[in-house]
Amino acid sequence: MAGHELLYLSRADVEAAGVEMETVITLVEQGFREKAAGHVEMPPKPGLHPQPEAFIHAMPAYLSGMRVAGVKWVGGNPGNASRSLPYISGLIVLNDVETCLPYAVMDCTWVTGYRTGAATAVAAKHLARRDSRTVGIVACGFQGRTNLMALAHVFSLTKAFAYDINTATRDRFVTEMSAALGLEIVPVNEPRAAVVHSDIVVTSGPLLKHPAPTIPAGWLAPGSFASAVDFDSYWKPDALAQFDRIATDDHAQFQYYRKVGYFRHTPDPYADLGELVGGLKPGRQRPDERTMAMNLGLALEDVAVAPEVYRRARARRLGTTLAL
């Protein structure tokens with residue numbers, strides 16, 4: 001490997017690369033269009049579980065049409081909050097598709113947050129009402145922020161409701177996101193208040209195999225769309241049964257998770273996001289339908305976005321060059 005180098009990008013470098021949410025949405029949508037066309041190689045992600053409700057996942061993908069390949073090695077532990085550590089952390093490795101040599105290693109936190117928000121926005125294009133104006137954010141961490149940012153790019157939002165079990169986190173979200181988006185954001189003291197008046201609801205707490213869900217049937221109004229970023233952790237079985245349409249981002253990933261103990265009460269999705277983007281399955285059919293995207297988070301999203309981060313970082317001379 002004499003002479004071969006790769007670029008390391010810290011989280012600060014990744015953020016400084018300056019990739020806009022609009023670009024992330026475009027890249028994620030392109031990745032799902034590739035998936036619909038059969039141009040994506042992406043095995044279901046294997047996982048390690050060293051602590052209760054914690055995970056470490058390997059997420060590889062190759063998108064032949066976009067000529068990109070890589071893997072995300074990502075961990076999450078809900079207990080990290082008590083240690084003043086992030087819930088999600090990890091690395092993305094990108095490989096050249098001709099030589100198969102790695103050319104970049106970068107922190108995954110920013111990419112994970114932004115591509116997750118982008119996937120919600122892409123799903124909402126097909127499953128939410130086009131006249132949706134209000135959003136409820138249940139859990140105001142990084143995912144709550146990026147989901148609201150992405151939705152604000154796709155819909156003409158007028159108001160958002162923000163709930164978090166930690167009121168300081170909620171209040172910081174309200175102050176910072178209202179300034180960033182120029183949007184009225186109302187802090188609420190219970191999850192119900194973030195759900196009942198919203199056209200779109202995003203739940204973004206920790207991923208739990210054995211959750212104690214909060215949202216029952218009847219809270220989400222007919223005609224509303226929900227994005228369950230945290231799997232089914234917030235949604236009670238009777239609420240899940242009330243949805244007219246539930247989509248996911250990948251059928252194989254969903255069935256893999258069901259086999260290992262998740263989604264005990266979640267109906268099988270009727271479509272995945274590639275099928276919706278590619279026009280292979282219909283999206284919303286009636287204004288009064290309750291619809292949901294239960295996106296699991298796919299390697300194709302990370303691998304679609306990370307090369308653009310790399311290109312911007314190189315252009316701005318960010319990062320640290322390492323010998324392999």
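At roughly what angle do the axes of helix α4 and helix α5 cross, and within what distance do they come?

Entry 1. I noted that this is a predicted model, in which local features need pLDDT of at least 70, side-chain atom pairs count only at pLDDT 80 or more, and totals for chains, interfaces and linings use all residues. Residues are numbered from 1 along each chain as its sequence is written, and side-chain values use heavy atoms, with hydrogens and water left out.

Entry 2. I looked up α4 (residues 142-154) and α5 (residues 167-181): their axes cross at roughly 25 degrees and come within 11 Å. Axes here are lines fitted to C-alpha atoms, for helices over the stretch in contact, with angles from 0 to 180 degrees between N-to-C directions. Helices are DSSP runs (H or I, at least four residues), as are strands (E, at least two), numbered from the N terminus. The angle makes α4 roughly parallel to α5; the classes are roughly parallel under 35 degrees, roughly antiparallel over 145, roughly perpendicular from 65 to 115, and oblique for the rest.

Entry 3. I then listed the contact (heavy atoms within 4.5 Å). From α4, Gly144, Arg145, Leu148, Met149 and Ala152 meet Arg172, Phe173, Glu176, Met177 and Leu181 of α5. By class I get 6 nonpolar, 1 polar and 3 charged residues in this contact. Ala, Val, Leu, Ile, Met, Phe, Trp, Tyr, Cys and Pro count as nonpolar, Asp, Glu, Lys and Arg as charged, and the others, Gly among them, as polar.

Entry 4. I checked a second pair, α2 (residues 21-36) and α10 (residues 299-315), which pack at about 135 degrees with axes 8 Å apart. That angle makes α2 oblique to α10. On the α2 side I found Thr23, Val24, Leu27, Val28, Gly31, Phe32 and Lys35, which meet Leu300, Glu301, Ala304, Val305, Glu308 and Arg312 in α10. These residues divide into 7 nonpolar, 2 polar and 4 charged.

Entry 5. I traced an open sheet of 8 strands with parallel pairing, in the order β10-β9-β8-β11-β12-β15-β13-β14. Two strands pair if DSSP finds at least two bridges between them. At the edges are β10 (184-187) and β14 (271-272), each pairing on one side only. Inspecting β8 (residues 134-138) with β11 (residues 200-203), I counted 4 bridges in the parallel sense. Ile137 stands opposite Val202 in β11.

Entry 6. I returned to α4, which lies across β8, β9 (159-163), β10, β11 and β12 and runs at about 165 degrees to β8.
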